[in-house]
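Subject: Structure handover

Hello,

Here is the structure I said I would pass on. My notes on what was found in it follow below.

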Amino acid sequence: MKTMLLGLLMAAAGGEPPPAYVQGSSLNLRKAACKTAEVLQKLPIGTECRTQESLEGGWVRVRCGEAEGFVVGAFLGPEKPSVEKLAAEAKDPKRTLQQREESALRAATLAPEDAGLQKELATLFFERNLDAVARLKKPSLRRPFDFVCTVNEPERCLRSTSTSHVDGVKVRAEVRNELFVIAFGSAESLTVYRGRFRFDNRRFEETATIQVKGEVLEQASSLLTSVLDKALFSGASTSSDVYSRAPFGQYVLNEAELAFFRLIPSKWALLSMKAEDGIPRMRWNACLKRPYLLVFDPDIHGRVLVMIESEGESMEFLWVSAVSKHENTLRLTLADIDGEKARQETFKLPEPDGDIAYLGELACTHVFQKYPDLGGECLQGGP
């Protein structure tokens, strides 16, 4: 392409240079010949430009209509892109998935109302991402997830858990055997999770529940163009959680922080330490016939939600926004579910020969069968 452009410049010496057309789905017109220079415009595919000067590093100075600036010359060509040619390239099995996806993106950008091109683009997008995770040798992440689903469809289960306690995001999930790809559209950002999972539905007819376990092995983000938005999320509604206004990407912990929670149980029975005989007793939920709970719930995004049950009150939900470990204690920064208030708490882990921990002054245990319960009645209408 560079040689071709130089040829164009030479052929045009002494006269108006011939037109050169943007070949990529879009091209940045920059203020200077540098990838970090200010972007003056985004030139859509098919934009006609005139080359003014060839520079080192593959850059050219161009005039496109009334605008003038610098572009990478490899993305210009002498022929105006054709929807028909690009659509044929997208279906060509001899080309790589990445090449076919790029051709489909360019074709859909030229013909944004063509529903067939949008469908082809979405299909190739997920095929290419599923193929990438199938060939993955060295994951950049190891972010496990574990949840119970009541729908016997893997895509719906992954989609529903991905939008739990998330506001303002569109989601689409695709699976192939034990591989998954989840795409998230948020404002102008596209985020993709790639990983592996197990969808255990062997007891679905008996329990109406399914255990889903897996790992996010890669995460990538890029610009969400209007064309990709339409292709990937056409008909998808934007998530809205009335209990949580946490935007996508907020409260995500790093690998070291998440590791602290993988070393402790997720569920703890709340204890009363006030018995006269000195024996702790489980605070008992007579309606549910189990103790009241403290739960640390890691999710697929790398967040940890803390849930604290209490007698006669609704459950308290808190996000862990930061955590560090000092000796036998986790120091937690907790934000309320609306993100309006934050507080500092300590979670004192059990002693080496014990099982009782403390969240602040709240005692709890991970050994549910060891202590008697306080008993009580289930009042009509709930506890």
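The torsion about the S-S bond of Cys287 and Cys378 is about 100°, so this disulfide is right-handed. The sulfur atoms of Cys287 and Cys378 are 1.9 Å apart. Cys287 sits in the loop between β15 and β16, and Cys378 in the segment after β23 (362–365), so the bond ties together parts that are 91 residues apart in sequence. Cys287 is partly exposed, with a relative accessible area of 25%, and Cys378 is also partly exposed, at 42%. Please keep in mind throughout that this is a predicted model.

The other disulfides

How many disulfides does a search of the whole structure find? There are three. Counting bonded cysteines along the chain, they follow the pattern 1-2, 3-4, 5-6.

Cys49 is joined to Cys64, with an S to S distance of 2.1 Å. This pair links distant parts of the chain, since Cys49 belongs to strand β4 (residues 48–54) and Cys64 to strand β5 (residues 59–64), 15 residues apart. The link of Cys49 and Cys64 is right-handed, with 100° about the S-S bond, and both cysteines are buried.

Cys149 is joined to Cys157, with an S to S distance of 1.9 Å. Here the torsion about the S-S bond is about -85°, so the disulfide of Cys149 and Cys157 is left-handed. Cys149 is buried at a relative accessible area of 6%, and Cys157 is buried at 1%.

Cys34 takes part in no disulfide; the nearest cysteine sulfur belongs to Cys64 and is 19 Å away. Cys34 is partly exposed, with a relative accessible area of 34%. Cys364 has a relative accessible area of 0% and is therefore buried.

The largest pocket has a volume of about 970 Å³. It is lined by 33 residues, and those nearest its centre are Ser25, Ser26, Glu102, Leu105 and Thr225. Several elements give two or more residues to this lining, among them β2 (26–30), β3 (39–44), β6 (67–72), α4 and α7 (226–233). Which element gives the largest share of the lining of the largest pocket? That is α3, with five residues. By type, the lining of the largest pocket divides into 15 nonpolar, 11 polar and seven charged residues.

The second largest pocket holds about 830 Å³ of space. Of the 32 residues that line it, Asp146, Phe147, Phe296, Asp297 and Pro298 are the closest to its centre. The elements that each supply at least two residues to the lining of the second largest pocket are β8 (143–149), α5 (154–162), α8 (255–262), β17 (293–298), β18 (304–310) and β19 (313–326). β8 gives the most, with six residues. The lining of the second largest pocket divides into 17 nonpolar, seven polar and eight charged residues.

Helix α2

Helix α2 (residues 83–90) has four buried residues to look at: Leu86, Ala87, Glu89 and Ala90. Seen down the helix axis, the buried residues of α2 fall within an arc of 160°, so they line one face of the helix. An α-helix has 3.6 residues a turn, so residues three or four places apart point the same way. Glu84 and Lys85, on the other side of α2, are exposed. The cover over the buried residues of α2 includes α3 (97–110) and α4 (115–134).

Three loop residues

Most residues other than glycine have a negative phi. Ala187 has a positive phi, near 50°. Its place is in the loop between β10 (179–186) and β11 (189–200). Ala187 has a relative accessibility of 75%, so this residue counts as exposed.

Lys289 also has a positive phi, near 55°. Lys289 lies in the loop between β15 (284–285) and β16 (290–291), and it counts as exposed because its relative accessibility is 67%.

Is Ala275 exposed, partly exposed or buried? At 24% relative accessibility, Ala275 counts as partly exposed. Ala275 is found in the loop between β13 (267–272) and β14 (281–282). The C-alpha atoms of Ala275 and Leu228 are separated by 62 Å, while the two residues are 47 residues apart along the chain.

Regards

Terms used: Residues numbered from 1 in each chain as written. Predicted model: local features only at pLDDT ≥ 70, side-chain atom pairs only at ≥ 80, totals over all residues. Heavy atoms only, no water. Buried < 20%, exposed > 50% of the residue type's maximum accessible area, 1.4 Å probe, protein only. Arc of directions from axis to C-beta. Contact = heavy atoms within 4.5 Å. 1 Å grid on protein atoms, 1.4 Å probe; cavity = no way out; pocket = protein on both sides within 12 Å on 5 of 7 lines; lining within 4 Å. Points joined across faces, edges and corners; volume = space filled by probe spheres on them. Nonpolar A, V, L, I, M, F, W, Y, C, P; charged D, E, K, R; others polar. Disulfide = S-S within 2.5 Å.
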